[in-house]
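Biologist: Could you walk me through this model, starting with the overall picture and then going into a few places in detail?

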Amino acid sequence: MAPLLAVVLAANPYSEQLWAKDLRGLVALLADPPVNPADAEQQALFGDVVRFLNCEPLPALKAEDRLHASRALLRLEEARRGRLGASAAKSDTVWRDVLSPDFFRRASVFAQGEVLRWPVEEERWSSEVLEVKLKAWSCDKPAAPADELGLLTPELLKEVDVLGPEASGRLLYHRASQLLARGKADEAREMAARLSPPVLAEELRPFAQLLRLALELEPREGYVSLAREPALASRRLPIAVQAAAQLSTEGRWQEVLALTEPYAQWPGSSTPAAEAELRKDLLYRRALAYQALGDREALLQAIAPVFPALASSQDPLVEALRGVMLASLARGALEPQSLALLKDLGPVAGLGRRMASLGSLALGVGNVRTALEVSERLLQERGVPSRARGFALRAEVALASGDAAGLTRSIERLLALRRQERVPVRDLEEVDRIALALAQTLVTASADLTEPRWRPLLSAQLERVREGVHSRHEKVFPALVAALEDRPPQPVAKGKRQEAFVAVGQVAVGAPQGTLPPPPFSVEWPEPYSLLALPLPDGSPRDWFPREPSTPAAVPAPTGAEVPHAP
């Protein structure tokens, strides 16, 4: 069907006037009666074009109307103006041109007094030219509210196929991006699945690629290449966030640092909230990169200055940054600078917990010296919970070093804190939580302590913890004892729930501990400049005139100005 359409359009006598922006000449041609049915079809199309450019309502099409696709797209574009409303004149669409009175030539080429005028007669002189009377311009009136998506039906998309892959792809992109912007991701994905970005014009192609990425139709690695695409510069920040997250997943840390270099500073108070969230995530990826590369100095320089102002924040990303900083401190000595940063990482009330976490992390990376220094500082604190954490950390060190006597002594002193007089109830509950966490550590450590002497010792210490904490925690211990003895759970009566037993050992899972997913991807999708497909003199379709640099919208013509109008 496409070759036949090209033959019909190639005979179009009106196209040259349109693309020359000579609307008066176009209207003059439309004033002549059609010479054959094909000419009548072209007059119907270009009559619609003139009405469209004059902002007059276009009548509904009939099923039998020819050149249906091109004429339907005029109505689609007309509906888009209704959605854009007053912003249409300043939008980056055809309406910036249509609503500018001087975009097309509208004035008469005949000066008063230089020509002889007479009424239209059936007989024509060879040099006679028809002078048309024009209607008043209607574009100064507000457009009726509308929504073009209701017109952009699957049937229309199928019809547009005859106009070529570019026109069809442009409409698929428009429908998919509009649906996504309205929160209809599943419908948008269905449209974008049919979209092939290479068929689109150069300015829209990268956005089509990005759209398919956002709808998870392409691998996430695509964000990395698009992060440096010049055409997407205005959307670079949200793309960089997704690209940095992908590079982090792949462990490409040097590339993470290079990509995020422009966003190396924590956002200020004047940064818009949406932008600030993205910039914080990029700084978080930089922190992960410094941590993975072992560049402790760069990490401290990048992150330490932001924390005094974030001490009370419980935002997940801030919590993750705390974890990164603690992991970095765990690899060094407990110096005054480290202690100062440890205090800045959170509220004063939580310092004991942060100290205990630091000690456990230090022990986990084999830094026994720092773990012992942390436990000593905790034991010097006045509060019962801090000292309980100190003894629990000493017990963990004893387990790691195979010190059975040290383990027994540390657990005994931990539980002795609970028997002291005048200990607030809240502190007693915290001691219980610390003791229960240590009980779990005893079970976990049993997977590595395989010497025969350890199993009865660990069982005895687990029993001591059970006896030392409040009786309401009794239900926790059968599962711990069973896991320690490596025996299966006991069968239960029908209708009762199976008792859960803890797993013994440590298993690495997925991404590095504390790694957060990036914020959801969201951008403002640009609209195609034109939804149209109008014939050139050679019969091939074109969406609109070549783009010109954006200029302020012209002041609308006063009511009553004469403009071309289809007869």
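This is a predicted model: local features need pLDDT of at least 70, side-chain atom pairs count only at pLDDT 80 or more; totals for chains, interfaces and linings use all residues.

Biologist: Fine. How many helices and strands does the protein have?

Modeller: The protein has 24 helices and 4 strands, where helices (H or I, at least four residues) and strands (E, at least two) are DSSP runs numbered from the N terminus.

Biologist: And what share of the residues counts as buried?

Modeller: Of the 567 residues, 46% count as buried, buried being under 20% relative accessible area, exposed over 50% and partly exposed in between, with a 1.4 Å probe and protein chains only. The protein exposes about 29700 Å², of which carbon and sulfur atoms supply 54%; these areas come from the Shrake-Rupley method with a 1.4 Å probe, and for residues only the protein chains shown count as cover.

Biologist: What part of the contacts comes from residues 24 or more positions apart?

Modeller: Among contacts with a separation of 6 or more, residues 24 or more positions apart account for 64%, a contact being heavy atoms within 4.5 Å.

Biologist: Let's go to the cores. Which residues have the most contacts inside the largest one?

Modeller: Those are I303 and F307, in a nonpolar core of 91 residues; such a core is a set of buried Ala, Val, Leu, Ile, Met, Phe, Trp, Tyr and Cys residues joined through side-chain atoms within 4.5 Å. Not counting residues up to four places away in sequence, I303 touches L283, A287, L321 and M325. Apart from that core lies another, of 35 residues, among them F391, L407, L414 and I434.

Biologist: Now α19. How far apart are its end C-alpha atoms?

Modeller: They are 16 Å apart, which agrees with the 16 Å that the 12 residues of helix α19 (residues 368-379) should span at 1.5 Å a residue, the expected span being 1.5 Å times one less than the number of residues. T370, A371, V374, S375 and L378 are buried in α19. Seen down the axis of α19, the buried residues fall within an arc of 140 degrees, so they line one face of the helix; the arc is that of the directions from the helix axis to the C-beta atoms.

Biologist: What do those residues pack against?

Modeller: The buried residues of α19 pack against α18 (351-364) and α20 (384-401). S375 has 0% relative accessibility and therefore counts as buried, and, leaving out residues up to four places away in sequence, S375 touches G390, L393 and R394. A polar atom of the S375 side chain lies 2.7 Å from the backbone oxygen of L372.

Biologist: And α18, what does that helix pack against?

Modeller: The buried residues of α18 pack against α16 (316-329), α17, α19 and α20; they are G352, R354, M355, A356, L358, G359, A362 and L363. Just after α18, G366 takes a positive phi of about 85 degrees. In the loop between α17 (336-344) and α18 lies G346, which is buried, with a relative accessible area of 4%. G346 touches A311, R322 and R354, not counting residues up to four places away in sequence.

Biologist: Last one, where does S530 lie?

Modeller: S530 lies in the loop between α24 (477-485) and β2 (534-535), and at 0% relative accessibility S530 counts as buried. Leaving aside neighbours within four places in sequence, S530 is in contact with E77, R80, V94, R170, D543 and W544. A polar atom of the S530 side chain also lies 2.9 Å from the backbone nitrogen of L532.

Methods. Residues are numbered from 1 along each chain as its sequence is written. Side-chain values use heavy atoms; hydrogens and water are left out. A polar contact is a pair of N or O atoms within 3.5 Å; within protein, one must be able to donate a hydrogen and the other to accept it, and residues adjacent in sequence count only if both atoms are side-chain atoms.
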